[in-house]
Amino acid sequence: METAPRIKMADVAAKAGVSVATVSKVVNGRYGVAKDTVELVQGVIAELGYESNLIAASLRNRRTNVLGILVPDFEPFSAELLKGAAIGARGSGYELLSHSGGDQHGWERRSLSRLGGTLIDGAVLVTPTVLDARTIVPSVAVDPHFGPSSMPTIDADSYSGAQQATAHLLSLGHRRIAFLGGRSELDSAHLREAGYRRTMDEAGVPVDPSLVRETRYAPDRAAEITRDLLELPDRPTAIFAANDVTAIRAMEVATEYGLSIPEDVSVVGFDDIPEASLAVPQLTTVRQPMQAMGRAAMEMLLEIINGVERETHVRMSTELIVRGSTAPPPKKLRPASIP
């Protein structure tokens with residue numbers, strides 16, 4: 001398929017009957033062009049669909065009026081953050097560029113080196129892996145890396161959320177509670193495991209090391225781990241997964257093994273992505289305000305760019321949402337039917 005030729009500034013000038021210099025002044029908002037001529041040129045630009053070269057403009061003006069939303073992958077959590085960030089950018093005069101850098105360690109460094117300063121004026125980094133990555137443009141981290149950091153951050157109260165989830169399962173009578181952890185380089189993953197362990201300890205219930213596994217939020221890995229857990233002679237009666245994607249995958253595996261949710265196994269997730277309420281049964285989960293986090297991150301970034309003094313570390317509250325995937329443990333443990 002042939003692609004249409006790129007509309008150039010000279011094409012706009014020819015169509016409008018003015019010089020290329022005049023078109024350049026209109027495009028870059030410079031003085032010295034009559035109002036009628038500005039309106040004429042802008043009309044031709046709209047008619048022809050002309051777009052200025054973003055990189056060339058950034059080299060001239062040292063700004064692009066574009067902000068980046070950089071994520072490791074476009075999964076449900078990132079998608080909800082993107083929605084919120086778009087709301088936060090409305091009316092700011094900035095356009096948004098979303099970019100997936102891959103989930104390899106250090107992806108944000110590579111992404112910023114490619115985009116920063118030539119394509120974007122600032123960035124929201126979602127679940128970055130690097131501690132205090134040197135940023136060549138103003139940046140805000142959402143769900144930041146583990147450890148002390150001076151980077152502005154937005155996150156949710158993962159520790160309290162994990163406590164609520166674990167306490168809910170304990171209150172139903174569960175004692176064999178498995179924990180499917182997330183990505184160890186993220187602060188939230190450490191806090192969710194810490195909240196789970198602390199609540200179990202306060203209830204006087206020992207944590208069985210064989211029931212604590214790291215999924216890195218990967219559905220395939222969560223499925224493999226869930227199979228291992230369900231094949232244990234003394235399998236867990238409940239699974240608390242550190243995000244909804246892995247929780248839903250654990251539910252699917254349990255069903256494959258002939259177990260009913262929640263009659264045989266209760267499952268709790270974390271995030272409350274839209275898919276959580278669409279699962280069968282609907283997933284009990286810890287809700288973090290993902291769209292609000294994305295919006296707050298974008299608003300923080302805009303204020304940093306504009307030199308506004310403000311709090312640069314914001315933690316939002318979480319809430320347990322009880323749905324149909326949790327119930328008291330079975331009175332008699334039914335063994336899984338290995339497919």
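Predicted model: local features only at pLDDT ≥ 70, side-chain atom pairs only at ≥ 80, totals over all residues.
1. Since five of the five residues of E6 are buried, the strand is largely enclosed by the rest of the structure.

2. **The sheet around it.** E6 belongs to an open sheet of six strands, and reading across it gives the order E7-E6-E8-E9-E10-E12, with mixed pairing. At the edges you will find strand E7 (212–214) and strand E12 (319–321), each of which pairs on one side only. On average, neighbouring strands of this sheet are turned by 20° against each other, direction ignored.

3. **The E8 side of E6.** Four bridges connect E6 with E8, and the two strands pair in the parallel sense. To trace this pairing on screen, start with isoleucine 177, which stands opposite alanine 238 in E8. Then move along to phenylalanine 179, whose bridge partner in E8 is phenylalanine 240.

4. **The E7 side of E6.** E6 and E7 also run parallel, and they are joined by three bridges. Here glycine 181 has glutamate 214 in E7 as its bridge partner. To get from E6 to E7 the chain passes through H8, making a right-handed β-α-β crossover.

5. **Rings around Phe179.** How many aromatic pairs are there? The count comes to two. In one of them, phenylalanine 179 and tyrosine 196 are stacked, at 5.0 Å centre to centre with 15° between the planes. Phenylalanine 179 lies in strand E6 (residues 177–181) and tyrosine 196 in helix H8 (residues 187–202), so this pair ties together parts that are 17 residues apart in sequence. Phenylalanine 179 also forms an edge-to-face pair with phenylalanine 240, at 5.4 Å centre to centre and 65° between the planes. Because phenylalanine 240 belongs to strand E8 (residues 238–241), this pair links parts that are 61 residues apart in sequence.

6. **The cluster as a whole.** Taken together, ring pairs link Phe179, Tyr196 and Phe240 into a cluster.

7. **An arginine over a ring.** Another spot to look at is arginine 192, which lies over the face of phenylalanine 270, at 3.8 Å from the ring centre.

8. **Strand E5 and its partners.** Moving on to E5, Thr153 and Asp155 point one way, Ile154 and Ala156 point the other way, and all are buried. Strand E4 (residues 139–142) runs parallel to E5 and is joined to it by two bridges; valine 142 stands opposite isoleucine 154. Strand E11 (residues 313–316) runs parallel to E5 too, with four bridges between them. In that pairing, alanine 156 has methionine 316 as its bridge partner.

9. **A closer look at Thr153.** Threonine 153 is found in strand E5 (residues 153–156). Why does threonine 153 count as buried? Its relative accessibility is 9%, and the cut-off for buried is under 20%. Leaving out residues up to four places away in sequence, threonine 153 touches Ala141, Pro144, Met300, Thr312, His313 and Val314.

10. **Proline 76 and its contacts.** Finally, have a look at proline 76, which is found in helix H5 (residues 76–89). Neighbours within four places in sequence aside, proline 76 is in contact with Val245, Ile273 and Glu275. Proline 76 and valine 245 are 169 residues apart in sequence, while their C-alpha atoms are 8.1 Å apart in space.

Note on methods
Residues numbered from 1 in each chain as written. Heavy atoms only, no water. Contact = heavy atoms within 4.5 Å. Buried < 20%, exposed > 50% of the residue type's maximum accessible area, 1.4 Å probe, protein only. Phe/Tyr/Trp six-rings, centres within 6.5 Å; stacked < 30°, edge-to-face > 60°. Lys NZ or Arg CZ within 6 Å of the ring centre and 35° of its normal. Pairing = 2+ DSSP bridges. Axes fitted to C-alpha atoms, helices over the stretch in contact; angles between N-to-C directions. Right-handed = clockwise from strand over helix to strand, strands pointing away.
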